Amino acid sequence: MSNALPVTLGDVHDAAARIKGVAHRTPVLRSRTLDALVGAEVFLKCENLQRIGAFKFRGAYNAVSRLTPAQLERGVATYSSGNHAQAVALAARELGSTAVIVMPEDAPRSKREAAVGYGAEIVTYDRYSGDRVAIGEALAAERGLALIPPYEHPHVIAGQGTATLELIEEVGDLDALLVPIGGGGLIAGSATAAKGLLPRIRVIGVEPEAGDDTKRSLSAGRRVSIPIPRTIADGQAAEIPGELTFSINRHLVDDVALVSEDDIRAAMRMAFERMKIVMEPSGATPLAALLAGRAGNLPRRVGIIVSGGNVDTRRFAEICAAPAG
């Protein structure tokens, strides 16, 4: 069935060759304390240590690097809550191009400043009343820019799958893989790589309880829209799965676990205090699902994609210090 899908294992291998030497090959961390807490061997693929602090650089660079010289000269555009914005800005800079980013007014300050630092122009909108896709498409058409969406693009999806490709190359067989879900690009690429290499692996997506659009969509067998989620996991505040990503995920994702805001906070604290790594809320959701027992009965060897670590000092302290409930 996977051969009929819009992104293949071969596409992920092609992306890996394209980003080699540009994207970091991020480390895989282990923790005996974590293994004991959850009763499994857990392998954390630390994309919080990727360039721009998140997995997004993989897909952005894979997509931008395939543009023609004329397209690169005109520039690129995208819309993003933060991490993809930074990724496209850096990819454009690396390839001698420029980037314009449509970003919500309430995007984390650190993410906006980082995108500006990579040379991007920022155009803001209200995420609760504006349509970022329409704004981005109109802007790209008006200025003649190549639009690189955050997840609705086969080259972006293939690039995101390279993190799982590296994980399996390094640690071997896994019985399950837990991946955060926002628009669905990371898990689509991850599932394509995982199922292509290990057909019997269970791929489990993780969403915040307030943003369960993919879980609802998989249950319904069609894309389901929800109100814009209000969650500390800003990278997962999607209201509907992507059309392209859902066409992959409905075939390759085995289950979706939901985590509470308190689960996410507890995972961020544990990762910081016991493993000495910083996870942004969206990046912590798979660990949260493990620690809170929301991923069901775990098999022996479990992989986690820690999708990012872009959270500023003040917000990290506020989130971790917040009382339960």
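User: By what criterion do two strands pair in this predicted model?

Analyst: The model is a predicted one. Two strands pair if DSSP finds at least two bridges between them. The number required is therefore at least two bridges.

User: Which residue is the bridge partner of Met 103 in β5?

Analyst: Strand β4 covers residues 99–104, and β5 covers 121–125. Five bridges join β4 to β5, and the two run parallel. Within β5, Met 103 has as its bridge partner Thr 124.

User: Which helix packs on the sheet that holds β3, β4, β5 and β6?

Analyst: That open sheet has four strands in the order β5-β4-β3-β6, with parallel pairing. Its edge strands, β5 and β6 (146–147), each pair on one side only. The helix touches β3 (76–79), β4, β5 and β6, and its direction makes about 160 degrees with that of β4; this is α7, residues 132–143.

User: Why is one side of β1 and of β9 left without a neighbour in the sheet?

Analyst: An open sheet of six strands has the order β1-β2-β10-β7-β8-β9, with mixed pairing. Strands β1 (28–29) and β9 (255–259) stand at its edges, so each has a single partner strand.

User: In β2, which residue is the bridge partner of Leu 29?

Analyst: Strand β2 spans residues 41–46 and is joined to β1 by two bridges, the two strands running antiparallel. The bridge partner of Leu 29 in β2 is Leu 44.

User: At about what angle to β7 does helix α10 run?

Analyst: Helix α10 comprises residues 185–197. The helix lies across β7 (176–180), β8 (202–208) and β10 (301–306). Relative to β7, α10 runs at about 165 degrees.

Key:
Residues are numbered from 1 along each chain as its sequence is written. This is a predicted model: local features need pLDDT of at least 70, side-chain atom pairs count only at pLDDT 80 or more; totals for chains, interfaces and linings use all residues. Side-chain values use heavy atoms; hydrogens and water are left out. Contact means heavy atoms within 4.5 Å. Axes are lines fitted to C-alpha atoms, for helices over the stretch in contact, and angles run from 0 to 180 degrees between N-to-C directions.
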